[in-house]
Amino acid sequence: MKTKLDLVIVDDSPLWCNIAMRMANDHQELSQPISFTNPAIALEHIKLFGTDLVITDIEMPILSGIQLISELKSSAMLVASSTIHDFSQKANNLGCLGFLPKPYTVEMFEKIIQIALMEKHLLSNFHDSIRNNGNFLCA
C-alpha cells in the first residue's frame, strides 16, 4: 500500500508556483501540497511542520535554492528546479533526489513524484526491517 507524500513547492515566481500546484493538486498520491514564493517562510514552515518532499527553484532572492537545500538535506527529500539546466549536476552533488528543468511537463513532474514515492517506500521498509529484526547498524 502506497502512502501519500507531503509536498512543499518553493519558487519565487508566482507563475511557476501556480503551474506546479496545479500539477500537484491533480496528483492523487500527494497529500495537501503547499507552495511558497518566499523561501525563508518555506524554510520556517518545513522546520515547524515537516514534509516528505520539497521541490525548490534554485535562483531565488533572500534565500537561494542551494541554501534551502543545504538547510533541509537531512529532513526531506529534495528536488531542484531551474531554467538553467547546468544546475542539474550541482543538484546531484548536493544530494537532491532529482532535478526538474523548467519548463517541465506533467510527465516529468509525475516521474519525480514516483521516484520520491519509491524512495519513501524503501526507507520505510528499511526502518521496519531494522525494528522488526532487532538489527543494529553501526558504521
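Asn38 caps the N-terminal end of helix α2, with a side-chain oxygen 2.8 Å from the backbone nitrogen of Ala40. Helices here are DSSP runs of H or I with at least four residues, strands are E runs of at least two, and both are numbered from the N terminus. Please note that this is a predicted model, in which local features need pLDDT of at least 70, side-chain atom pairs count only at pLDDT 80 or more, and totals for chains, interfaces and linings use all residues. Residues are numbered from 1 along each chain as its sequence is written, and side-chain values use heavy atoms, leaving out hydrogens and water.

Let me turn to the helix itself. Within α2, residues 39–49, the buried positions are Pro39, Ala42, Leu43, His45 and Ile46; buried means under 20% relative accessible area, exposed over 50%, and partly exposed in between, with a 1.4 Å probe and protein chains only. They lie on the same side of α2, because they cover an arc of only 165° around the axis, taken from the directions from the helix axis to the C-beta atoms. Lys47 and Leu48, on the other side of α2, are exposed. The cover over the buried residues includes β1 (5–10), β2 (30–36), β3 (53–57) and α3 (65–72).

What follows α2? Gly50 does, and its phi is positive, near 70°.

The loop between α2 and β3 holds Asp52. The side chains of Asp52 and Lys120 are joined by a polar contact of 3.1 Å, that is, a pair of N or O atoms within 3.5 Å, where within protein one must be able to donate a hydrogen and the other to accept it, and residues adjacent in sequence count only if both atoms are side-chain atoms.

Terms used. Contact means heavy atoms within 4.5 Å.
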